[in-house]
Amino acid sequence: MSTKATIEFEGKRIEFPVVKGSEGEHAIDVKSLRQQTGLITFDPGYKNTGSCQSGITFLDGEEGVLRYRGYEINDLAEKANFLEVAYLLIFGELPTHEQHDAFLNDIKEESYIDEDLKKILESFPKSAHPMGVLSSLTSGLTAFSPSSVDVNADDQIYNAIVRIMGKLPILVSWVYRKRMGLPLKYGDYALGYVENIARMMFRKPNKEYVANPIIDDALTKLLILHADHEQNCSTSTVRIVGSSHAGLFASVAAGISALWGPLHGGANQAVVEMLEDIKNDDGDVNKYINKAKDKEDSFRLMGFGHRVYKNFDPRARIIKKTADEVLNDLGVVDPVLDIAKKLEQAALENPYFVDRKLYPNVDFYSGIIYRTMGIPTEMFTVMFALGRLPGWIAQWREMRKQKEPIGRPRQVYVGERKRSFVPFENR
Ligand code: ACO
């Protein structure tokens with residue numbers, strides 16, 4: 001294959017280098033396009049634009065492949081803990097025992113929140129959306145820690161990383177506890193990272209907390225499966241905010257806001273809302289299957305199909321097993337969960353869905369698991385943010401280390417051309 005691509009415009013032919021990725025993708029390097037031709041590329045939504053070179057996550061939607069730093073997602077979800085995966089994403093290699101323990105200890109050292117930030121949380125109404133509260137509190141952290149990091153100083157980057165890894169789970173658990181009317185508490189730092197998160201969230205004030213390994217395992221898998229997904233909307237947001245040399249807390253706070261949108265992190269919430277609608281409509285699953293098949297009806301089965309994965313979502317295979325385990329173990333009686341099982345079965349047997357390879361995606365099962373754990377629907381995206389944190393950190397660190405320029409897309413201006421100002425009294 002040629003390593004050059006030619007663009008011809010107004011009789012002039014110009015060659016551009018072609019960049020090759022390690023998995024065989026090719027990209028035309030148009031950095032000098034404007035300078036050489038006066039042209040820019042036009043690509044709303046950046047669907048055809050490589051914004052960076054990244055060595056973190058590889059995904060191939062056609063083949064159903066997702067790898068972090070070269071490791072298959074199913075190996076990581078089955079065999080690693082969340083902190084190992086976070087270390088891998090951020091620093092590029094699986095940690096040794098010493099590195100893992102040092103990372104965990106350093107995170108524990110930072111696992112506290114300035115009491116003044118608690119006052120900010122207390123001033124939010126209980127009805128406030130948890131994602132808005134989490135984004136605000138994460139921004140608020142910048143007021144209590146230096147916001148700017150010298151990228152040439154590895155210790156400063158490392159400190160920023162362990163700080164946010166220590167503090168975000170506390171904020172998440174407090175946002176949850178405030179929503180549930182529970183007292184704000186710290187965890188037990190003798191526990192592992194995820195086990196401590198489960199304890200901080202689910203511990204009741206009136207009884208001894210007893211860890212449930214099935215919940216800890218499900219939470220671990222969900223967080224690992226959501227930990228990175230290359231240059232999606234929130235990750236691109238983190239990179240672009242960070243490219244102005246804004247600090248890690250500020251960049252992550254922006255990522256949380258981007259994740260909040262229903263087109264991004266809100267899909268599992270939409271799944272449970274759809275299941276509730278079906279339940280309130282006499283639980284008639286087939287009616288909704290037929291609505292989804294009807295081309296005159298805009299209704300789609302939430303949690304089925306995927307924009308990127310056209311064969312299957314590799315994460316869904318792993319999490320389906322976990323969803324079954326959690327449902328069996330907790331034995332929760334919930335008509336909404338019964339509808340989920342019926343809907344899954346009906347869609348998997350229906351030729352419309354089979355022919356179009358429309359399988360349940362990760363959001364279908366994650367919504368079911370979170371509901372089974374008793375987590376309110378509005379908190380689902382907060383849990384997603386917790387999982388995505390290592391990915392945001394890894395991408396922010398990579399962007400800063402590569403000394404990427406400030407993100408500044410151009411535009412094709414289609415507004416008014418120059419015109420004369422009309423004074424107020426004459427309009
Ligand atoms: N229910 C019913 N029919 C569907 C569904 C669905 N959930 N998803 C796709 N189809 C149909 C389409 O109508 C189309 O039918 P046709 O070939 O007869 O025209 C065919 O399947 C192919 O679908 P596309 O529209 O090409 O798929 P696209 O890639 O555009 O959409 C999407 C993917 C948006 C995820 C879609 O499947 C969907 O809306 N799913 C439900 C929402 C959801 O779960 N979103 C979260 C996914 S995670 C993520 O993408 C961030």
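## Terms and basis

Buried means under 20% relative accessible area, exposed means over 50%, and partly exposed lies in between, with a 1.4 Å probe and protein chains only. Helices (H or I, at least four residues) and strands (E, at least two) are DSSP runs numbered from the N terminus.

This is a predicted model: local features need pLDDT of at least 70, side-chain atom pairs count only at pLDDT 80 or more, and totals for chains, interfaces and linings use all residues. Residues are numbered from 1 along each chain as its sequence is written, and side-chain values use heavy atoms, with hydrogens and water left out.

## Helix packing

Start with helix 10, residues 233-242. Its buried residues are S234, T235, T237, V238, R239 and G242. They pack against helix 11 (248-260) and helix 18 (380-401). Contact here means heavy atoms within 4.5 Å.

Helix 14 spans residues 314-330 and holds T322. T322 has 2% relative accessibility, so it counts as buried. Neighbours within four places in sequence aside, T322 contacts A218, K221 and I369. I318 lies in helix 14 as well. At 8% relative accessibility, I318 counts as buried. Residues up to four places away in sequence are again not counted: I318 touches I73, N74, A77, E78, K221 and L225. Between I318 and Q345, the separation is 27 residues in sequence and 17 Å in space, C-alpha to C-alpha.

An α-helix has 3.6 residues a turn, so residues three or four places apart point the same way.

Two strands pair if DSSP finds at least two bridges between them.

Strand 5 covers residues 65-68 and pairs with strand 6 in the antiparallel sense over 2 bridges. R67 has E72 as its bridge partner in strand 6.

## Aromatic pairs

Rings of Phe, Tyr and Trp (its six-membered ring) pair if their centres lie within 6.5 Å; planes under 30 degrees apart count as stacked, over 60 as edge-to-face and the rest as tilted. The whole structure contains 14 aromatic pairs. One of them joins F103 and Y158: the pair is tilted, at 6.4 Å centre to centre and 45 degrees between the planes. F103 sits in helix 4 (residues 97-109) and Y158 in helix 7 (residues 154-180), so the pair ties together parts 55 residues apart in sequence. F103 is buried, at 1% relative accessibility. Y158 is partly exposed, at 23%.

What geometry do the rings of F364 and Y365 adopt? Their centres are 5.3 Å apart and their planes stand at 85 degrees, so the pair is edge-to-face. Both F364 and Y365 are buried. Ring pairs also link F304, Y352, F353, F364 and Y365 into a cluster.

One ring carries a charge over its face. The criterion is NZ of Lys or CZ of Arg within 6 Å of the ring centre and within 35 degrees of the ring normal. K167 lies over the face of Y112, 3.9 Å from the ring centre.

## Ligand surroundings

A residue is near a molecule or strand if one of its heavy atoms lies within 4 Å of it. The ligand is surrounded by 17 residues, and the closest are L301, G303, F304, R307 and K310.

A polar contact is a pair of N or O atoms within 3.5 Å; within protein, one must be able to donate a hydrogen and the other to accept it, and residues adjacent in sequence count only if both atoms are side-chain atoms. K310 places a polar side-chain atom 2.5 Å from an oxygen atom of the ligand. R300 has a side-chain N or O atom 3.0 Å from a ligand oxygen atom. For Y352, a side-chain N or O atom is 3.0 Å from a nitrogen atom of the ligand. Y352 also belongs to the ring cluster.

Which loop holds Y46? Y46 is found between helix 1 (33-37) and strand 4. Its phi is near 50 degrees, a positive value in a residue other than glycine. Y46 is exposed, with a relative accessible area of 53%.

K357 is not a glycine, yet has a positive phi of about 55 degrees. K357 lies in the loop between helix 16 (351-355) and helix 17 (362-372). At 41% relative accessibility, K357 counts as partly exposed.
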